[in-house]
Amino acid sequence: MGFFDRLKNAWKIFKLSFALLKKDKSLIVIPILMIFSSLILFGIFGFLMYYYKLSSNYILFLAFLFILYFVMTFLAAAQSWMVYEVLKGKNATTISGFKRAFGNIGDILVFVFSVVFIKMLSSWLRGKGRAGQMAGSLIDYLTGLAGKLVLPAMIITERNFKESVVQLKDSLKAIPEIATYEIGIRPLMTLVFFIGLLLALMLGYSLGIFAGFIFFLILLSLMILISVYINETYYTTLYLTLIEKKKIKGLDLYIK
């Protein structure tokens with residue numbers, strides 16, 4: 001019975017993530033900024049690589065990687081705080097999210113430096129044969145997963161980066177909810193996307209390529225936006241409820 005209750009926990013948190021967006025539309029602002037920021041940064045990097053023939057410039061690549069992760073982490077921190085405000089019954093604002101992120105800029109920088117260093121390590125491992133590729137991929141995945149819990153710990157509580165990393169041991173109690181999201185819910189969202197792609201192809205065949213292409217672009221944009229929003233909201237809520245043991249109004253979870 002307990003196992004199925006834990007699966008229900010994940011589904012309840014997932015549904016609450018959508019409910020929060022209905023409650024406060026400002027929560028979608030940061031995910032939009034994240035998408036546009038990444039597009040702009042990749043565009044600038046691509047232009048520099050092509051125009052200045054810097055395809056082998058390792059320092060430029062590291063600088064780009066650091067800037068990209070810093071911008072995405074800063075925005076994710078702001079989003080985490082905004083989600084926290086809505087969960088407390090407040091009206092969230094992008095400005096309040098930015099203020100909180102700026103207030104934790106030191107920990108965010110340490111966080112980004114750590115992630116980039118690990119990325120460099122995993123990249124080096126991938127060049128060491130099949131076993132290295134598997135190890136590098138595993139390290140990247142676990143680092144990304146850990147980061148989703150370390151970030152809200154830094155932003156919502158008064159813990160610094162080191163203390164937030166140490167607290168990761170407490171996340172073991174939330175493994176069923178994490179696994180349900182990573183193995184069940186996220187693939188389900190991907191399946192919905194591919195069904196939409198099939199519909200776009202069918203629409204393109206019946207109404208013309210242009211109509212199908214437009215439908216595909218709209219669907220792709222919405223799916224990316226929803227994925228970014230849900231990812232940040234889900235893990236912030238999971239951290240608060242299952243690790244910090246905070247009570248959220250309207251969210252009845254099984255907590256052992």
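Predicted model: local features only at pLDDT ≥ 70, side-chain atom pairs only at ≥ 80, totals over all residues.
**Stop one: helix α8**

Select residues 175-207, which form helix α8. Count 33 residues. At 1.5 Å a residue they should span 48 Å, and the end C-alpha atoms lie 46 Å apart, so the two values agree. Now center on Y181. Here α8 bends by about 35°. Y181 is also one of the buried residues of α8.

What covers them? Show α1 (2-23), α6 (129-156) and α9 (209-243), which are among the covering elements.

Step past the end of α8 to G208. Its phi is positive, near 120°.

**Stop two: α1 against α9**

Keep α1 and α9 on screen; hide the rest. Their axes come within 9 Å and cross at roughly 120°. That angle is why α1 counts as oblique to α9. The crossing is right-handed.

Next, show side chains at the contact. On α1, pick N9, A10, I13, F14, L16, S17, F18, L20 and L21. On α9, pick I226, Y229, I230, T233, Y234, T237, L238, T241 and L242. As you read along either list, keep the helix repeat in mind: an α-helix has 3.6 residues a turn, so residues three or four places apart point the same way.

**Stop three: helix α3**

Select residues 58-87 for helix α3, 30 residues in length. Finish on G89, which follows α3 and has a positive phi, near 90°.

Terms used: Residues numbered from 1 in each chain as written. Heavy atoms only, no water. Helix = DSSP H or I, 4+ residues; strand = E, 2+ residues; numbered from the N terminus. Expected span 1.5 Å × (residues − 1). Bend = angle between axes of the 7 residues up to and from the residue. Buried < 20%, exposed > 50% of the residue type's maximum accessible area, 1.4 Å probe, protein only. Contact = heavy atoms within 4.5 Å. Axes fitted to C-alpha atoms, helices over the stretch in contact; angles between N-to-C directions. Parallel < 35°, antiparallel > 145°, perpendicular 65-115°, else oblique. Left-handed = near helix turned anticlockwise from the far one by under 90°.
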